[in-house]
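Subject: Structure for you to look at

Hello,

Here is the structure I said I would pass on. Please open it beside this email; my notes on it follow below.

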Amino acid sequence: MRIEQLEYLSAVTQHGSLRRASERLHVSQPALSEAVSKLERELGVDLLDRHRSGARISRQGRTLLSHMDEVLAAVGRLRAAAGEERTTTRPVRLGTVTAATSALLAPALSRLGTATPRTVVELVTLTSDQVAEGVRDGSLDLGLVNLLDGDDAPADLEARLLVEGRPVVVLPADHPLAARPEIDVDALRAEAFVMMRHGYLMHRVAHRLFGGTPPLVCHSTDGAELAKTLVADGVGLTLLPDYSVESDPLLRAGALVVRPVAGDRTRLGLTLLNRPGARAAAPAHELATALEDGARAREARGGLSVAGSGG
């Protein structure tokens with residue numbers, strides 16, 4: 001017995017004749033008729049009453065029809081489950097304003113690899129607006145954006161605050177300002193500066209901090225990773241959220257230190273975005289859960305001690 005034989009018989013019952021069933025299934029009528037005949041011989045019953053005007057389900061066929069429908073329904077569930085399993089191999093696309101969220105991302109990816117070893121995550125670095133748009137149109141499964149205190153999350157997206165923090169100055173460990181417990185704006189303005197490009201939240205933070213008088217030498221870059229590399233190479237200083245520097249290899253290696261800005265009370269938040277009501281694939285849901293659990297664990301251990309790190 002083959003599944004298509006049951007499907008053929010069901011189609012004949014549904015459409016009322018071998019001819020219409022063959023047209024709907026895109027199978028030749030002789031082939032369909034022969035498949036049903038083989039099933040009849042195997043079961044030892046006449047499933048169809050064949051007449052010149054066409055074929056109809058027989059009395060014996062109607063008796064067995066409910067059992068056949070149960071088999072076909074079970075096959076449908078099996079195929080659906082197999083289809084869902086295949087989707088787990090599709091990369092989970094996470095849009096992020098910066099790849100420098102290793103304090104949360106690295107543990108989350110490690111946990112995801114343990115829970116679903118075949119899952120691949122694609123990290124896409126974009127501006128906050130681009131991340132939100134990607135989540136909105138479905139090209140991204142999840143998004144991580146930075147929000148400034150007082151900013152509203154996109155109204156049409158579900159937003160979950162993961163981490164709160166503040167801007168910190170990132171500078172080489174051997175820089176003269178590294179000896180200070182905090183750095184005032186005038187001292188920062190006097191140094192060469194690496195600015196985030198327009199569209200990133202830290203671009204807004206820097207402009208707010210410097211007012212109408214930015215540093216005389218002000219470079220521009222797309223993301224925190226390159227900014228930290230430029231700082232480590234002595235090109236200039238930069239401002240980043242404290243949580244984007246936490247656990248960074250350059251910080252752990254002693255190449256960089258971070259210091260708070262004197263008198264600054266700016267608060268930032270790393271926020272997870274997804275589409276409300278969307279049925280997330282299992283790996284995307286697992287990644288979101290891992291990020292949330294990581295954020296809670298970070299809060300429990302107190303996060304980054306800015307004033308003393310690297311000093």
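Helices (H or I, at least four residues) and strands (E, at least two) are DSSP runs, numbered from the N terminus. The model is predicted, so local features need a pLDDT of at least 70 and side-chain atom pairs count only at pLDDT 80 or more, while totals for chains, interfaces and linings use all residues. Residues are numbered from 1 along each chain as its sequence is written, and side-chain values use heavy atoms, with hydrogens and water left out.

The whole chain

The protein chain has 12 helices and 12 strands. Of its 311 residues, 44% are buried. Here buried means under 20% relative accessible area, exposed means over 50%, and partly exposed lies in between (1.4 Å probe, protein chains only). The accessible surface of the chain is about 15900 Å², and carbon and sulfur atoms hold 51% of that. Accessible areas come from the Shrake-Rupley method with a 1.4 Å probe, and for residues only the protein chains shown count as cover. Contact means heavy atoms within 4.5 Å. Among contacts in the chain with a separation of 6 or more, 75% are between residues 24 or more positions apart.

Strand S5

How many of the residues of S5 are buried? The count is 7 of the 7, so S5 is largely enclosed by the rest of the structure. Leu142, Leu144, Asn146 and Leu148 point one way from the strand, while Gly143, Val145 and Leu147 point the other way.

S5 has pairing partners, where two strands pair if DSSP finds at least two bridges between them. With strand S3 (residues 92-96), S5 pairs in the parallel sense over 3 bridges; Leu144 in S5 is the bridge partner of Thr96. With strand S12 (residues 268-274), S5 pairs in the antiparallel sense over 6 bridges. There, Asn146 has Leu270 in S12 as its bridge partner.

Helix H8

H8 is mostly covered, with 7 of its 10 residues buried. These are Leu201, Met202, His203, Val205, Ala206, Leu209 and Phe210. What do the buried residues of H8 pack against? They pack against S5, S7, H7, strand S8 (193-196), strand S10 (237-241) and S12. Just after the helix, Gly211 has a positive phi of about 65 degrees.

Salt bridges

Side chains of opposite charge can pair when their charged atoms come close. A salt bridge is counted when a side-chain nitrogen of Lys or Arg is within 4 Å of a carboxyl oxygen of Asp or Glu. By this rule there are 15 salt bridges.

One of them joins Arg136 and Glu133, whose closest N and O atoms are 2.8 Å apart. Why can these two meet? Arg136 and Glu133 are 3 residues apart in helix H6 (residues 128-137), which means that about one helical turn separates them. An α-helix has 3.6 residues a turn, so residues three or four places apart point the same way. Arg136 is partly exposed at 32% relative accessibility, and Glu133 is partly exposed at 39%.

Lys228 and Glu225 also meet in a salt bridge, at 3.6 Å from N to O. Both lie in helix H9 (residues 224-232), 3 residues apart, about one turn of the helix. Is Lys228 buried or exposed? At 0% relative accessibility, Lys228 counts as buried, whereas Glu225 is partly exposed at 35%.

Asp151 and Arg204 form a salt bridge with their closest N and O atoms 2.9 Å apart. This pair links distant parts of the chain, 53 residues apart: Asp151 is in the loop between strand S5 (142-148) and strand S6 (158-165), and Arg204 is in helix H8 (residues 201-210). Asp151 is partly exposed at 28%, as is Arg204 at 40%.

A network of salt bridges links Arg111, Glu286, Asp293 and Arg296.

His175

His175 lies in the loop between strand S7 (167-172) and helix H7 (185-189). At 16% relative accessibility, His175 is buried. Leaving aside neighbours within four places in sequence, His175 is in contact with Glu191 and Leu237. The side chains of His175 and Glu191 are joined by a polar contact of 3.1 Å. A polar contact is a pair of N or O atoms within 3.5 Å; within protein, one must be able to donate a hydrogen and the other to accept it, and residues adjacent in sequence count only if both atoms are side-chain atoms.

Regards
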